[in-house]
Amino acid sequence: MKVTLPKPNRTFGLADVLGLVGLVGLLVARYIPIAKLIPFWGCALRETTGWPCFGCGLTRVADRVAHLNFAGAWDANPLGTVAAFFFAFMVVVTVLHLVFAMPIPKVQLSPREWHWVRIAAALLFLTNYAWVVVKTKFPYLLA
């Protein structure tokens with residue numbers, strides 16, 4: 001892994017895009033009750049089969065994180081909660097970068113490191129989905 005720190009700048013980049021997406025998402029989740037306003041909002045897979053989809057709980061996560069209910073967000077979808085915290089963190093990074101010209105470190109991974117990052121991400125994703133399935137379909141196993 002190679003980490004470089006550029007000179008202070010205000011160049012708009014990927015980190016800033018993630019920060020703006022996070023800001024808009026958290027503001028929408030905080031002030032607009034999407035799930036209550038849109039009558040067809042819901043998981044079609046779960047409604048027809050009873051099984052949760054890979055993204056089940058993400059709307060609840062956004063709503064609960066925006067309302068500072070972190071335990072409820074974690075209960076809805078743990079990996080989604082981590083992602084919501086990441087987006088909130090990126091909002092702070094974006095403000096510091098664009099207002100105070102804070103440099104954002106550039107990280108370069110070798111092909112081998114990228115391989116292990118992909119494996120770790122897949123394992124995290126599958127573990128999270130298994131937890132959501134158990135919580136949804138077999139809640140008595142968690143009692």
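Ala101 is buried, with a relative accessible area of 13% (buried means under 20%, exposed over 50% and partly exposed in between, with a 1.4 Å probe and protein chains only). Ala101 sits in the loop between α6 (78-100) and β2 (106-108); helices (H or I, at least four residues) and strands (E, at least two) are DSSP runs, numbered from the N terminus. Although Ala101 is not a glycine, its phi is positive, at about 60°.

This is a predicted model, in which local features need pLDDT of at least 70 and side-chain atom pairs count only at pLDDT 80 or more, while totals for chains, interfaces and linings use all residues. Residues are numbered from 1 along each chain as its sequence is written, and side-chain values use heavy atoms, with hydrogens and water left out.

Next, select His97 in helix α6. His97 is buried, at a relative accessible area of 2%. Leaving aside neighbours within four places in sequence, its contacts (heavy atoms within 4.5 Å) include Asn9, Met102 and Ile104.

Then turn to helix α7, residues 111-137. Its 27 residues reach 39 Å from first C-alpha to last, close to the expected 39 Å (1.5 Å times one less than the number of residues). Select Asn128, Tyr129, Val132 and Val133, which are buried in α7. The buried residues of this helix pack against α5 and α6.

Finally, select Leu68, in the loop between α4 (58-66) and α5 (70-76). Leu68 has a positive phi of about 65° and is not a glycine. With 63% relative accessibility, Leu68 counts as exposed.
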